[in-house]
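Reader: Please show me the model, and then I will ask how its labels are assigned.

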Amino acid sequence: MGLFRIIIGAFIFSVLTNLYSYKRFIKKVSFFTPHLKKIRIFFYIISVLEFVFVLQLRFSFLNIELYLIAGTLIGFSLFLFGVSLFYDVVRSICSKAHFNPTRRKFIKFCFDVTFVIFVIACFLKGIFNALMPPKIRQVDIKIKNLQSSLKIAMITDVHIGEFLQKDFIKKLVNDINLANPDIVVIVGDLVDVNAAFIEDFLEPLKSLKSTYGTFYVPGNHEYYHGIDGILEKISSLGIEILGNKNKKIASINLAGVYDLAGIRFKHLEPNLDEALTGRDPSLPTILLSHQPKFIKTMQKDVDLVLCGHTHAGQIFPFGLLVLLDQGFYMGFIRLMIKCKLMLVVAQDFGGLQLGSLPPARSLY
């Protein structure tokens, strides 16, 4: 059933989004009309490559060149689809205005040119942003009953594998070490290939420097590529895996749960009760969970949840689907039900988060 859903989802995405963009945007732009046959062929190719790319996320069979091309086209289609929706709405509104035929034709031409330039410029900007290393963002968080300040460096959604490899991890490690954190946490989707293909990509993680060590919980992508082998590899780097368990560190309980994907795979499922067993009730508890929507299942309080997964929406309009699925998007979110406070952090190609936790100031 899982494979069937993947195939159906890949088909719907690759065909329907491109069909809408072609019908409602490309065909409406007057200067594209002489080239529609070639453009249709281009969209056929895009649809096939995107369908293959979605399957690649599960089965890893593309070479690096096709992987990069297909992945880039996914971003292009998503953005073009979003722009096409906007174009459709604006065009419908403007069509009600009364202009003489000559002026209407000129306005339509300017309108079309503006949207085409917008698509190209934003797509190129997206590629540029994707290739740049993640920026460090510092957030100060106040937690009740925290006895001493802590600095936490958080990494999420790096997706090491076909594209990002050892050099990228080395840059992240250098940035983290310069920040001199007390704790380093990795909140899932660190790896996007089978353990047999990781090679030495993760070796720089051995050089992470912090007062209390590095801690990790898996994301959904680790399950896709054989989570047991990946956990073994990560553990061999000296990184402690907080799968449904907690550890007293300095003035906090640091807990972690396996990802919700474990429920679908029926292996290494998240269990909050198990994760919080034995924690010191006098100390604040920080929970690591890859997917923000795990908080909807929580029946016990913690003081702070650190999550990833959303990639900050990644690209419009995909962010709207992320919001619908997860219920949370990105940034610093206060919750007064079940969890007292929640921080959701996720950025393209590895969000790096530094959080300073000052002593004993209540938020609630």
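**Surface and aromatic pairs**

Author: About 17900 Å² of the protein is accessible surface, and 63% of this belongs to carbon and sulfur atoms; the areas come from the Shrake-Rupley method with a 1.4 Å probe, and for residues only the protein chains shown count as cover. This is a predicted model, in which local features need pLDDT of at least 70 and side-chain atom pairs count only at pLDDT 80 or more, while totals for chains, interfaces and linings use all residues. Residues are numbered from 1 along each chain as its sequence is written, and side-chain values use heavy atoms, with hydrogens and water left out.

Reader: Why is the pair of Phe25 and Tyr87 called edge-to-face?

Author: The ring centres of Phe25 and Tyr87 are 4.8 Å apart and the planes stand at 65 degrees, so the pair is edge-to-face. Phe25 and Tyr87 are both buried (under 20% relative accessible area; exposed is over 50%, partly exposed in between, with a 1.4 Å probe and protein chains only).

Reader: Why is the pair of Phe42 and Phe43 edge-to-face?

Author: Their centres are 6.1 Å apart and their planes at 85 degrees, so Phe42 and Phe43 are edge-to-face.

Reader: Are Phe42 and Phe43 buried or partly exposed?

Author: Phe42 has 40% relative accessibility and therefore counts as partly exposed. Phe43, at 7%, is buried.

Technical notes: Rings of Phe, Tyr and Trp (its six-membered ring) pair if their centres lie within 6.5 Å; planes under 30 degrees apart count as stacked, over 60 as edge-to-face and the rest as tilted.
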